Each structure stands twice: as C-alpha cells, then as structure tokens.
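Me: Hey, can you walk me through this one? I'm new to it.

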Amino acid sequence: MDTMVCPMGGGATRLYSAVTRALSSSSSAVPLPPSHIDPDQPAGTNLDPEFCQEQRASPVCPLDPVELLRQCEDALGDRPPRFHRKVVHLNNGDSAPSSPFRVMQWNILAQALGEGLDSFVQCPLEALSWSHRKYLILEEILTYRPHILCLQEVDHYYDTFQPLLAGLGYSSSFCPKPWSPCLDVEGNNGPDGCALFFDQSRFQLLESANIRLSAMRIPTNQVAIVTILHCRRTETRVCVAVTHLKARSGWEWLRSTQGCDLLRQIQNLLQKHTDHSGSGIPLLICGDFNAIPTEEVYRHFITSPLSLDSAYKKLSQDGLTEPEYTTWKIRPTGECCTTLDYIWYSQDMLRVDAVLDMPTEEQIGPNRLPSFTYPSDHLSLVCDFSFKDKQ
C-alpha cells in the first residue's frame, strides 16, 4: 500500500503546528502502513482493501508516521539513545500466526503529576518538561505502531494525542477520572484518565462504554473504557478494556473490589454481544493495576471464569512468572522496582505470538525512570496477538 506524505514544514520544532494544520480540515482517518518493529513479521499488514480505497479518495493529506517519527527524533536532538528492546517471537508449536495484530499498554505519566506531585528526585526537571516528554511519548508509539493502544494518566488527550493519532488513522475514547489529582497542580492541563485508541484500517467500533469503577456499590475515582471491536480482516469481534486501579500501599482491598467490578461489567457486556450459537468473544484487558502479582486482585483475574492469562508471563523461561519490573523509580520514600502493569487475554481464543522484552538495569540507568531517555516511570508493554481457529 502506498503511503501518502504530507509536507511537514522545515523543522521538527514546527511538528505540532503542522499536525494541527493537517487535521484542521477534516477528522477522516487514514490506514497505518506496515509496522517496522520486525521486518520478518510486520504487524500492520493485511489491511482491509475496501476501507483503504475509501481513505485514498479522501481529500485530506494524511500524516506520514515515518516522517513524523524522524521529526520526533530530530526534535530530541542529542539526547542519549533510546532503549533497544528485542521482540521475542514465541514458538507456539502450531501454524504461523494469521493476521496478527499489535497491542500496546502504557502508563505514560500525567504531565501535571510528573512535574508536580510525583517527586522523582533523581530526574532532572528538564527531562520532565512537556516540551521534551511529548516527543519521547510519540516516538515510543510510532516506533511500535500498535493497532490497539491503551494508555493511562493521559492529561493531554484533546490537545495532543487525539488530534495527532487521528491523523495517523486511529479512532479513540477518553475517560477522565472524576477527581483527578492533576487538578490540584497549578497550571494543569485538565484531569488525567484512560484512553483507548484503535487503528481504523484494522478494526471497526461496535460499542464503547466509559465506566466508573465501584467498590461495594460506592463509585470510586478509578475508571475504565470497555469497547467491542470488529476485526476487518478476520471478521472476528474482540473486546478490549483499559483501566487504572487505585495506587499506593494500604489500598489492596480497594483494588480487589475495583477489579471484581470491572470483571463483572465486562461479563455483562460480553453476554450482550454473544451470538445465539454461544460463541464467545476474545477479551483483552490492559492496565496499570498498581498491584503486584501476589495481590488479591491479580488472583481474581487469573482465576476468572473468563479464562484469562497475563501475556508478559510468556517472557519467563517457565511461562509462569511475571517480569521482574514494569516500573522503576526513585521517590523521596525510596526506590521502587516492581511489576504493576499487565495485558490480560483470553487464552482459549487468543494466541500470543510475540512480546517486547524489558530493558535491562544498565539500559535504564542509575537514576531510574523517568529520564532524558524515557518519558514515564512505567515501561510500555507490547504484544502481537492472533485469533485462534474456532474448534
């Protein structure tokens, strides 16, 4: 598929104004070109021909993700090189994956929290500035170019991520926290929340719901987005959810009840979309659960009747162990290196084909995260999935 290229102006400093100009005339989306994360198995192929033909006829000049990535790299100048993370392809012992699709889960760190409340004592203030971090965040997304993107702590949805990613072919939903701590920070950009993006050349939206999670029927400050998508290539439906559970030690009971509420609401939505044959819908749940694998909420998910498993366990030798860390930071209270982020999937209906590994301690560096190299205290999780053949 040919990729149209829009003139982006003379310099990377004009990147966002060029984006605004490109999107001002229409919100029409364009299909993403193949991802370059792995040349032997691109995750962006098999686009819907009819959809692509419709978008070629669009008068809008779309953004070119390769050019946009280059301009991000130019804008970042002489910063240290980004992490080199290897894609681990899994030997599933059966046929090659058919029509794989890529999922990214990432808590990107709300700008107001990074500069205000979170107190990353070893991170230079310049590295926390939005003028620097926005390019690092966009660079990460453009490098791996997921078909489904689940984000937490998004407080620049309307002015940055929604218009920019719309120009790259993504449709999206945003659910802000009712009482976002960002609002307590002077000069904030509004509340933070969860955002879910999907590539319109690969998926079509059937239904989306913003959910305020409850504990013992009392609404809490944590939210989720649950969507039902239709895969244009395989004619298969998939349910995708993104959430961010209550943070901090001492709130384990609340995370547990929030997780149960999310599972209950997802089950209700799935039952609504289950056809008369009783055929189930594959499920993906991405999130910053703020819970280590020994917590009760983790056990609720692993023992759920939805037959869920955590995709990142596939990185371990035994296939049963979570990564050592998905977040690594230093605050005034001390150093925190632990696993809090997960991509849950229906193990009976979805297959994990590839997983992006974690950077090493040496790559992360002694001052940990965030840094001039990486914009968040949480690492992105990236997996390639494919639909299992129905038995």
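Salt bridges, strands and helices

Reply: Let's start with a salt bridge: R85 pairs with E140, and their closest N and O atoms are 3.6 Å apart. A salt bridge here is a side-chain nitrogen of Lys or Arg within 4 Å of a carboxyl oxygen of Asp or Glu. This is a predicted model, where local features need pLDDT of at least 70, side-chain atom pairs count only at pLDDT 80 or more, and totals for chains, interfaces and linings use all residues. Residues are numbered from 1 along each chain as its sequence is written, and side-chain values use heavy atoms, with hydrogens and water left out.

Me: Where do R85 and E140 sit in the chain?

Reply: R85 is in the loop between α3 and β1, while E140 belongs to helix α5, 55 residues apart, so the pair links distant parts of the chain. Helices (H or I, at least four residues) and strands (E, at least two) are DSSP runs, numbered from the N terminus.

Me: Are R85 and E140 buried or exposed?

Reply: Both R85 and E140 are buried. Buried means under 20% relative accessible area, exposed over 50%, and partly exposed in between (1.4 Å probe, protein chains only).

Me: How many salt bridges does the structure hold?

Reply: There are 17 salt bridges. One of them joins R70 to D74, with the closest N and O atoms 2.5 Å apart. R70 and D74 are both in helix α3 (residues 65-76), 4 residues apart, about one turn of the helix. R70 counts as partly exposed because its relative accessibility is 39%, and D74 is partly exposed too, at 44%.

Me: What about R264?

Reply: R264 forms a salt bridge with D261, again with the closest N and O atoms 2.5 Å apart. Helix α7 (residues 252-273) holds both R264 and D261, 3 residues apart. R264 is partly exposed at 44% relative accessible area, whereas D261 is buried at 7%.

Me: OK, switching to sheets. In what order do the 7 strands of the open sheet run?

Reply: The order is β1-β14-β15-β2-β3-β5-β4, with mixed pairing. Two strands pair if DSSP finds at least two bridges between them. β1 (87-89) and β4 (170-176) are the edge strands, each pairing on one side only. On average, neighbouring strands of this sheet are turned by 20 degrees against each other, direction ignored.

Me: How do β4 and β5 pair?

Reply: β4 and β5 (residues 193-199) are antiparallel, over 7 bridges. C175 stands opposite C194 in β5.

Me: Which strands does helix α5 lie across?

Reply: Helix α5 (residues 130-144) lies across β2 (101-107), β3 (148-154), β14 (350-356) and β15 (381-387), at about 160 degrees to β2. Axes are lines fitted to C-alpha atoms, for helices over the stretch in contact (heavy atoms within 4.5 Å), and angles run from 0 to 180 degrees between N-to-C directions. Helix α6 (residues 157-166) lies across β3, β4 and β5, running at about 160 degrees to β4.

Me: Why is β9 largely enclosed?

Reply: Strand β9 (residues 283-288) has 6 of its 6 residues buried, so the rest of the structure largely encloses it. L283, I285 and G287 are buried on one side, and L284, C286 and D288 on the other.

Me: What does β9 pair with?

Reply: Strand β8 (residues 237-244) runs parallel to β9, joined by 6 bridges, and A241 stands opposite I285. β13 (residues 341-346) pairs with β9 in the antiparallel sense over 5 bridges, where D341 is the bridge partner of D288.
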